[in-house]
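Thanks for coming, everyone. Please have a look at the structure on the screen while I walk you through a few of its local features.

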Amino acid sequence: MEEPKTFDPATFASSMRLIRRRRKYFFATIIGYLPLMLLANKISPTIRSMAITFGIWVVILFITALYSALARCPRCGNYFHMHGMSLLYLRRCLHCHLHISEGKTG
Ligand SMILES: [Zn+2]
C-alpha cells in the first residue's frame, strides 16, 4: 500500500485549476465548432476547405479531450473524467466525487 500523501492546499488548488482549465479548452473547442465552420465557409466555401477545417477541428478536439481525460484528481489520484473505458465530463470526480470547484480561491 502506498502511503497517503500529506495534504498540500497549494498543490491541491493548482491541480484543480489545471483540471478546470483543460475542461474549459475542451468545451471551448466544442462550442467553437459552429463559428469555425461558418468562418471557413465565409473565407473559402468549397467542400475541400470545409473538410480540411473539419479535420483540423477534430484533431484539436481529440487533443483537448485527451488532455482533459488525463487530468488526475488531486484527492484520489485517479483520472478525474475517466472511469475504465468511460469518459464523462461531470462536475465531480468519477472516483471520489470531488467537486470541480473544490480548492477554488476567490
Ligand atoms: Zn477523485
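This is a predicted model: local features need pLDDT of at least 70, side-chain atom pairs count only at pLDDT 80 or more; totals for chains, interfaces and linings use all residues.

Let me begin with V59, which is partly exposed at a relative accessible area of 48%, where buried means under 20%, exposed means over 50% and partly exposed lies in between, computed with a 1.4 Å probe and protein chains only. Residues are numbered from 1 along each chain as its sequence is written, and side-chain values use heavy atoms, leaving out hydrogens and water.

V59 sits in helix 3, residues 47-69, where helices are DSSP runs of H or I with at least four residues, and strands are runs of E with at least two, numbered from the N terminus.

What about the neighbouring topic, the packing of helices? The axes of helix 2, residues 33-43, and helix 3 come within 9 Å and cross at roughly 150°, with axes being lines fitted to C-alpha atoms, for helices over the stretch in contact, and angles running from 0 to 180 degrees between N-to-C directions. Helix 2 and helix 3 are therefore roughly antiparallel to each other, a label used for angles over 145 degrees.

Finally, L90 lies in the segment after strand 2 and, at 43% relative accessibility, counts as partly exposed. The C-alpha atoms of L90 and F80, 10 residues apart along the chain, are separated by 9.0 Å.

Note on methods
Angles under 35 degrees count as roughly parallel, over 145 as roughly antiparallel, 65 to 115 as roughly perpendicular and the rest as oblique.
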